[in-house]
Amino acid sequence: MRAYTSLVGHLLGSHPEIDGYYEMHQSYASAEDLARQARRYAEQHSLKPGGRYLFDKLLHNDYTLALEQLDPDRTIVLMALRPPESTLKSIVSLFARKPGNDPYANPTGAATYYIERLRALAAFGQQYPRRFHYFDAALIRTDTERVLAALGAWLQLGSPLAERYQSFARTGVAGAGDSSPAIASGRVIRAENPHPGIVLDAESLQRAQAAYQDCRRQLVECAAAALTA
């Protein structure tokens, strides 16, 4: 969560060859799951005449991605990590605005999610070497042109990805992705929100930093291609 996945989804989903832009909350463990994804998406959206891909994002360990069950010619996996301090502050800020006592609304709960997710991603990278592409998530803001060029090449798109994107029916809807006003801007916002009111405890941040460095190293080593700062 909070690794600019909604922004990337909208940039990709605005391309004429790509349908989808939001989180569909399902696993992918068989070809039938890909068919189910397409059916579910088509129930609410019109598919593009020239569409070649259908986008989804998996942010939680609850959802399975079993690449050995999926045709490698039909499944392209993009993986991205955002460093812990900015990610944890963004998670806490988002969930602190929600009603109830959500565990992600405090630094300890956010760090627990972050570390567990990184460990799962590192294991995924080891299990499926050269079956995914990796990029540092922050580059989508700081080096947008280079990231979009790399994504276009990895996906073998017929035309370049643009830095401006469309708004869709579920843009900004909670549960589908980023619900902050920023996603409705239609453009890449360069400045990062520092979340000045949120303080992380040193122990949680240190554990998260160690997990981030270990996971990033493994993903870069195992990726078919990697774009780093």
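1. Arg130 sits in the loop that joins helix H4 (107-127) to strand S4 (132-136). Helices (H or I, at least four residues) and strands (E, at least two) are DSSP runs, numbered from the N terminus. Phi of Arg130 is near 65°, a positive value in a residue other than glycine. At 51% relative accessibility, Arg130 counts as exposed. Buried stands for under 20% relative accessible area, exposed for over 50%, and partly exposed for what lies in between (1.4 Å probe, protein chains only).

2. The model is predicted: local features need pLDDT of at least 70, side-chain atom pairs count only at pLDDT 80 or more, and totals for chains, interfaces and linings use all residues. Residues are numbered from 1 along each chain as its sequence is written, and side-chain values use heavy atoms, with hydrogens and water left out.

3. Arg2 also needs a remark on its backbone. Its phi is positive, about 65°, although Arg2 is not a glycine. Most residues other than glycine have a negative phi. Arg2 is placed in the segment before helix H1 (5-13), and with 19% relative accessibility it counts as buried.

4. H4 passes H7 in a left-handed crossing. A crossing is left-handed if the near helix is turned anticlockwise from the far one by less than a right angle, and right-handed if clockwise.

5. The contact of H4 with H7 (heavy atoms within 4.5 Å) involves residues of H4 including Pro107, Ala111, Ile115, Leu118 and Gln126. On the H7 side, Ser204, Ala208, Tyr212, Cys215 and Cys222 are among them. By class, this contact has 13 nonpolar, five polar and one charged residues. Here Ala, Val, Leu, Ile, Met, Phe, Trp, Tyr, Cys and Pro count as nonpolar, Asp, Glu, Lys and Arg as charged, and the others, Gly among them, as polar.

6. Pro84, Glu85 and Leu88 of H3 make the contact with Leu205, Ala208, Gln209 and Tyr212 of H7. These residues divide into five nonpolar, one polar and one charged.

7. A search of the whole structure finds zero disulfides (a disulfide being a pair of cysteine sulfur atoms within 2.5 Å). Cys215 is in no disulfide, and the nearest cysteine sulfur, that of Cys222, is 10 Å away. Cys215 is buried, with a relative accessible area of 1%. Cys222 is likewise in no disulfide and is buried, with a relative accessible area of 9%.

8. Ser46 belongs to the loop between helix H2 (31-44) and strand S2 (53-54). With 70% relative accessibility, Ser46 counts as exposed. Ser46 and Pro194 are 148 residues apart in sequence and 38 Å apart in space, C-alpha to C-alpha.
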